[in-house]
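Here are my notes on this one, point by point. Have a look at the fold first, then read on.

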Amino acid sequence: MSTFDRRYEQISRSELEQMQLERLQALLARLRRNVRRYREKLGDFRLQSLADLPRLPFTTQEDMVESFPYGMFAFPLREVIRLHSTLGPGGKPLVIGHTRNDLALWSRLVARQLSASGVTANDVILISLGGLTQSGAVGYVRGAELIEASVIAEDPLHIDYQLAMLQNYRPTTLITTPTNALDLIRAIEQRRVDPQSLYLRTVLLSRPVDRETREQIASGLFAAVRCNFGLGEILDPGLCVECEVGLFHIHEDQFLAEVCEGELVITTLAREAMPLLRYRTRVAAELCHDQCACGRTGVLFQPGPRLDHRHQVREISFYETQVAEVLAQTRAAGLRFHLTPSERQLQIALEISEDYFASAMWPADDPKRSIEAELLARLGLPAEVRYVEPRAGSGPAA
Ligand SMILES: [Zn+2]
């Protein structure tokens, strides 16, 4: 096993719980002092032990939306040195801030993840996450620097250029999205490149994939595959590691994890700029305290589906309500629709009746293409619209 922070990654349960309690008490004091929203929620509640945790209030995405942009910050803005936004409910932006200490901690947590993936100072890393300004890529760069691996400071979008970089720079680690990994495999097959002629040992994917996709990527790039699981509002990457056994461990020295009504709830224990108390992540999850063969003691975590109507197509996240809003301004207005997100595009089935084209309101041309163009322009979503007969039962209407 390769750990970066053995002291924390293999901490005993009793020592961990004592640390969590102390950090939680300090967190409550900071929240009460610096964030009005929490001061109101917490009242004069005093936490005596971790068993009191369920009596603490939740934080929801709606809290973050209502506090937009800086109402949840527990530090003055001048000490917040990094800002990034993430997608909130209904497509509203949420803003996340980091202090200098937050960024230093983030680097360490990503270094743990890279170490768990077998990355060392001897590795050369190519990061293809679609632009280095993406917050995830920045996290990987910082983590890689901490373990002194070499990072190629380019994030090429063009797939042939990526392939040339794999052949020329000989990176041993590729950090990328599942969509991009599959595009790369397709290019490798089309150009008749032998994947064994590349130097890749590890592919770290930005999000979990099913077993079939994992095997496809492992054989297509001839490398071991590890997955990240992150949440933009907390850390992505840096929330957990996928260990050598293939299980996710949450960094429990930093994140107190609970599952409430099937939903993952996270408390950030040491984050300065924007701490979150019992944050409802809208992700289904299971936690398991079994001892893992890898030796890490952080709680095992199995992420499930999202509990809101948020989907992802080609790494673009969106809410069903955003699609409905766009459709309502097209000729699909008023029609019922059904969404089926797939890896490459969003399938939209529009319910139309026989007289749809006969309607005097619209010219006789087929509006499918213009609806697709609108979704691409407004949400960046590749979509395919098809018509279906009205179904019994319900579907949302645009
Ligand atoms: Zn493990």
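1. Let's start with a helix pair: Pro178, Ala181, Leu184, Ile185 and Ile188 in H8 meet Thr213, Ile217, Gly220 and Leu221 in H9. Contact here means that C-beta atoms, placed from the backbone, lie within 7 Å. Sorted by class, this contact has 7 nonpolar, 2 polar and no charged residues. For the classes, Ala, Val, Leu, Ile, Met, Phe, Trp, Tyr, Cys and Pro are nonpolar, Asp, Glu, Lys and Arg are charged, and the others, Gly among them, are polar.

2. Some housekeeping: this is a predicted model, with local features needing pLDDT of at least 70 and side-chain atom pairs counting only at pLDDT 80 or more, while totals for chains, interfaces and linings use all residues. Residue numbers run from 1 along each chain as its sequence is written.

3. Back to the geometry of that pair. H8 (residues 178-190) and H9 (residues 211-221) have axes 10 Å apart and pack at an angle of about 45°. H8 and H9 are therefore oblique to each other (under 35 degrees is roughly parallel, over 145 roughly antiparallel, 65 to 115 roughly perpendicular, and the rest oblique). Axes are lines fitted to C-alpha atoms, for helices over the stretch in contact, with angles from 0 to 180 degrees between N-to-C directions. Helices (H or I, at least four residues) and strands (E, at least two) are DSSP runs, numbered from the N terminus.

4. Now the other pair. The axes of H10 (residues 320-328) and H11 (residues 368-379) come within 10 Å and cross at roughly 130°, which makes H10 oblique to H11. Gln322, Val323, Val326 and Leu327 in H10 meet Ile371, Glu374, Leu375, Arg378 and Leu379 in H11. That contact has 6 nonpolar, 1 polar and 2 charged residues.

5. Glutamine 302 is worth a click; where is glutamine 302 found? Glutamine 302 sits in strand S13 (residues 300-306). With 14 other C-beta atoms within 10 Å, glutamine 302 is partly exposed (20 or more would be buried, 12 or fewer exposed, and in between partly exposed, with C-beta atoms placed from the backbone). Leaving aside neighbours within four places in sequence, glutamine 302 is in contact with Phe248, Ala285 and Glu286. Glutamine 302 and leucine 287 are 15 residues apart in sequence and 6.5 Å apart in space, C-alpha to C-alpha.

6. Zooming out, the domain assignment gives domain 1 (1-304) and domain 2 (313-388), with bounds from an automatic or database assignment. The contact takes 6 residues from domain 1 and 8 residues from domain 2.

Conventions
Two residues are in contact if their C-beta atoms, placed from the backbone, lie within 7 Å.
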